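The entries follow the order in which I looked things up.

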There are 2 protein chains.
Amino acid sequence: MLTTAPRLTPIVAALPATIPFVGPEALERLRGVDIAVRIGANESLFGPSPRAVEAIRNAASSICLYGDPEGYALRRAIADHHGVALDGVVLGAGIDELLGLFVRAYQAPGEIAVMSEGGYPTFAFQVSGHGGRIETVPYLAMRNDPQALVGRARAVGAKILYLANPDNPTGSWLTATEQLAMLDHLPPDCLLMLDEAYAEFAPADAIPAIDPADPRIVRFRTFSKAHGMAGIRVAYAYGAPETILPIDRIRNHFGVNRLAQLAAIAALGDQDHVASVVAAVADGRSEYGRLAASLGFEALRSATNFVAIDVGTADRARAILAALLQDESVFIRMPGVAPLNRCIRVTVGRPEDRARFADSLQRVVSRLS
Amino acid sequence: MLTTAPRLTPIVAALPATIPFVGPEALERLRGVDIAVRIGANESLFGPSPRAVEAIRNAASSICLYGDPEGYALRRAIADHHGVALDGVVLGAGIDELLGLFVRAYQAPGEIAVMSEGGYPTFAFQVSGHGGRIETVPYLAMRNDPQALVGRARAVGAKILYLANPDNPTGSWLTATEQLAMLDHLPPDCLLMLDEAYAEFAPADAIPAIDPADPRIVRFRTFSKAHGMAGIRVAYAYGAPETILPIDRIRNHFGVNRLAQLAAIAALGDQDHVASVVAAVADGRSEYGRLAASLGFEALRSATNFVAIDVGTADRARAILAALLQDESVFIRMPGVAPLNRCIRVTVGRPEDRARFADSLQRVVSRLS
């Protein structure tokens, strides 16, 4: 029997079994804890728009029907929202899926993508998973280093340059001017994949105006963060139609579920909800800043719904993370790579989540010192 | 600008713009019709289990949280349902996504997959999309030809043999004995991908007992058909852990949405609903058989929730399809390849859907003759 087992392709056979993120449910099973404060995955505890919830409830019994494989109504709403062409918008079941599709379309096996060292690991997972190579550039003072990124891309002939802006896991951002300067020096044939998952939380000058006809840039947006809809899986990429349309040749056409499409349309129509979440998150970031300072730590400036807190050493960050989970039932995360791993990364929860986190962190730091 | 546009990989650049299925919503936009009877995509108009609907409504506001990326609770329920190991079950956002993942894992570019000529087009879409080659074998008397399939797989050294059983688009089935005989002659290193999307509708002798430790077979099941949950996107593959586990290296870990996981658990616990749908569908198949005979056509025997009706010629099938849509607002589909394209393919709807379809078909056939 074993001599006739199917064989993995060389690319998949060479992949490690590691995955980018272990979910909080898996941590609960592995550690035997019940997580009480879930502020590790940058989920919005402020919740989705009530209009989105209503759309789901009203349509729940219609799930016997497939969603529109062209996602026309939602794409139309998104195109109008950004003032771009319908053919320049493609939907996906989360940004993660879209990252995979663009990597598959624009980076052949053996070709190179450039990103920051310790940046969003799911991008690297997608590149490796399709047989591509990753070249990384260190962060500079806990920010993406625009000149080094574009310089490395030129030096290695990168096919893709990945930039998360605002950035995950640091929460930092590049200005529009810095990003446009990167475009000026992008190597030939290189696609800039601009992951703007946290765009709604960012100051206006972090979001560049980019010519929507420029085929070199794809921007990624999601309903998972400010819209509070991580669990329903809907995101989009937009850019020049010539860059976006080929994704239709490979995407999972019926993959964006019916309820997600309806809920996203409702959410996009409720900008007041987004504005209230953004304001509440700004308050929470300030609160985390004061909490960090009170413990002698430094909170990095953030343009997202989370804050990276520099606790001084990776050992201390790991110890805090473990103690918060095991002793306090508080789930947070931390970056995996130096020097970012001096930080813990905490999602901005509601006031009650933050109060519990503050108490827990104070206790844990006190015990550890 | 154009000289610096990103370039598609050779595999994606060579792909056609055609896609497997145009959705009914797109047909409505293209043809300017409002579809009144939607019986073309094998959606279950009998609807989902009320328990699944309740699960969705109760959890609607929790979509701010990601679903469990390991889908533990649902996989546990599925493993128990089939009496297989937890590590032998992997979830996906529909069978289509899972077909893509297994092709990507087990068929390198340039390698060959074998399927029936005119079989489920999304499998071929996934193979081509990953740079693989497809070899097809004709249907034999409107059924998959097991000996020819396995013979071709041996002759060409296929890495994957795809079999839909019960079959789409014919509705036919192979017996368990016929399938086990295929296994006996499967070439070395070849994976049998057994697409059982319609298994619940099939007679017991169409579903083989296969050693769950045999690494050569992966079976695909979905909540889209008998469970009436096409729109929420949840399916699974199961087989030997050594064949299933490597999919974790490449799958979209957060891709199966939270509501789908909860609804699928509820649906799996409501086998009475499945049984009632299966019984109602059997009634509808008989009714379609009588309708076809009354018009001088032959309904193929079906083990699914649809019936292929042989109307004699491809031209007549195309004319009926077009007239049903344009004149009667009835959406059905038909196979794209000879000789199957002598058939129209009609989903078994509720009694009221079938009554409207019967009236419409009679009018259309009368007008065309």
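I first compared the two sides of the interface: 99% of the interface residues of chain B are also interface residues in chain A, so the copies meet through the same surface. I counted two residues as in contact if their C-beta atoms, placed from the backbone, lie within 7 Å.

I note that this is a predicted model, in which local features need pLDDT of at least 70, side-chain atom pairs count only at pLDDT 80 or more, and totals for chains, interfaces and linings use all residues. Residues are numbered from 1 along each chain as its sequence is written, and chains are lettered from A and ligands numbered from 1 in the order in which they are written.

I then looked up the make-up of the contact, to which chain B gives 76 residues and chain A gives 75 residues. On the side of chain B that touches chain A, the largest share, five residues, comes from α5(B); helices are DSSP runs (H or I, at least four residues), numbered from the N terminus.

Last, I looked up the surroundings of A:Leu161. Its contacts, not counting residues up to four places away in sequence, include A:Val114, A:Leu149 and A:Cys190.

Notes:
Helix = DSSP H or I, 4+ residues; strand = E, 2+ residues; numbered from the N terminus.
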